[in-house]
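I set out to record a few points looked up in this structure. The entries below follow the order in which I checked them.

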Amino acid sequence: MYNNFEFSVIFSCGEHRRGVVTTPHGVVETPAFIFCGTKASVKGISPHQLRETKTSIILSNTYHLFSHPGSEYIKNRGGLHKFMGWDGPMFTDSGGFQIFSLGHGSVADEIKGRRSGQSMLSSIDDNGATFKSYWDGSMQLLTPEKSIQVQQDLGADLIVAFDECTPFHSDKAYTEQSMERSHRWEKRSLDEFIRGDDGSQAMYGIIQGGVHADLRKRSAEFVSSQPFFATAIGGTLGSHKSQMMEVVEMAMNGLDKSRPIHLLGIGGISDIFNGIALGIDTFDCVHPTRIARHGGALVKAKYRDSASREHINLKRSQYKDDDSPIEPDCDCPSCRIFSRAYLHYLLKANELLALQAIAVHNIRFMNRLMSAIRFSLENQRVAEERSIWC
Ligand SMILES: [Zn+2]
């Protein structure tokens, strides 16, 4: 298994490490950030722009593509790479996170411990989860086998075992029960993966166990004992930032560290520095492209207008007469030609170009950040680098 894949750590110091994940569609240098192209598109950004901003890997969501247009449709168009025109490494999740975040709350935030809302999840049993399609409201069943078949149809390089994403408000008894179910589902995912394996994909196992150290350790040991290519840390990471890293640390105990380690759904700059200090190799989050749609541009510490945010909001009136680029030292296409004043004007005029231009900057910003992190790891000056970006 995984003959066309490889993970090698090329430098490590303490828990910090720099590595390379090799896939049939190219290599991903780690630590790396994976950009979300939820519905087979990184919103408003073309594959050409992804390349131009030095993006190495993107992610699509099984839940959305399963609901519409369906994985068979995409398979018949030659698979996800060909369908969306992206020929680099690609990752799909199992669909579990979206189903359960919709089930236990209106948005993914609830899983991470922050919000609650309407239920879309109809029922869950050992077979799988029944939920309402976001597309047409029809009832759909996703099982571990189905999730893997869908991900095999889509054809991303890196795929994920199906799990139950336990929400933050669950008590320990339910969290344990749910973790055991996830483990059973992960075994079934592996069996299904092996049945259809043609060498073009590699699979991640997922660690659950909520905010409980003993459960996280057990889950890490279980996932490490199974023939997964890599490991993802999923589920709730607590209700605040300091708890987030405590929970990640719990999951790192008992983990096979020869495999790549992904932290699901986390993408704040300081969170990334905290994550790499614990040995995390890859991150993903909608944050950089989502804030762009609201005028939020990521900037290094010296360009911020508020100590509490890692971005500036170009809608604010203070940028109306600001003729400088988002970041004077950024090499992205937007910073080379557009001023903050122009972007401010475009936002006020509801021009689509603003959203695209800011998203291009944010994507390039994240790629510059990850590149700077990799460089600083080898030069053992991560703390100095952190003070520039945080
Ligand atoms: Zn820029």
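How many residues does helix H7 have, and what distance does H7 reach from its first C-alpha to its last? I began by noting that the model is predicted. Helix H7 covers residues 172–196, which makes 25 residues. I found that H7 reaches 36 Å between its first and last C-alpha, close to the 36 Å expected at 1.5 Å a residue.

Next I looked up which residues of H7 are buried. The list holds Thr175, Ser178, Met179, Arg181, Ser182, His183, Trp185, Glu186, Ser189, Leu190, Glu192 and Phe193. As background, I noted that an α-helix has 3.6 residues a turn, so residues three or four places apart point the same way.

I then turned to Asn61. Asn61 sits in the loop between strand S5 (58–60) and helix H2 (62–67). Is Asn61 buried or exposed? I recorded Asn61 as buried, because its relative accessible area is 5%, under the 20% cut-off. Leaving out residues up to four places away in sequence, I found that Asn61 touches Gly37, Thr38, Asp93 and Gln98. I also checked Asn61 against Ser239: the two are 178 residues apart in sequence and 24 Å apart in space, C-alpha to C-alpha.

My last entry concerns cavities. I found one cavity of 30 Å³ or more. The largest cavity has a volume of about 40 Å³. Which residues line the largest cavity? I listed Val21, Val28, Ile34, Ile57, Leu158, Tyr204 and Thr282.

Notes. Residues numbered from 1 in each chain as written. Predicted model: local features only at pLDDT ≥ 70, side-chain atom pairs only at ≥ 80, totals over all residues. Heavy atoms only, no water. Helix = DSSP H or I, 4+ residues; strand = E, 2+ residues; numbered from the N terminus. Expected span 1.5 Å × (residues − 1). Buried < 20%, exposed > 50% of the residue type's maximum accessible area, 1.4 Å probe, protein only. Contact = heavy atoms within 4.5 Å. 1 Å grid on protein atoms, 1.4 Å probe; cavity = no way out; pocket = protein on both sides within 12 Å on 5 of 7 lines; lining within 4 Å. Points joined across faces, edges and corners; volume = space filled by probe spheres on them.
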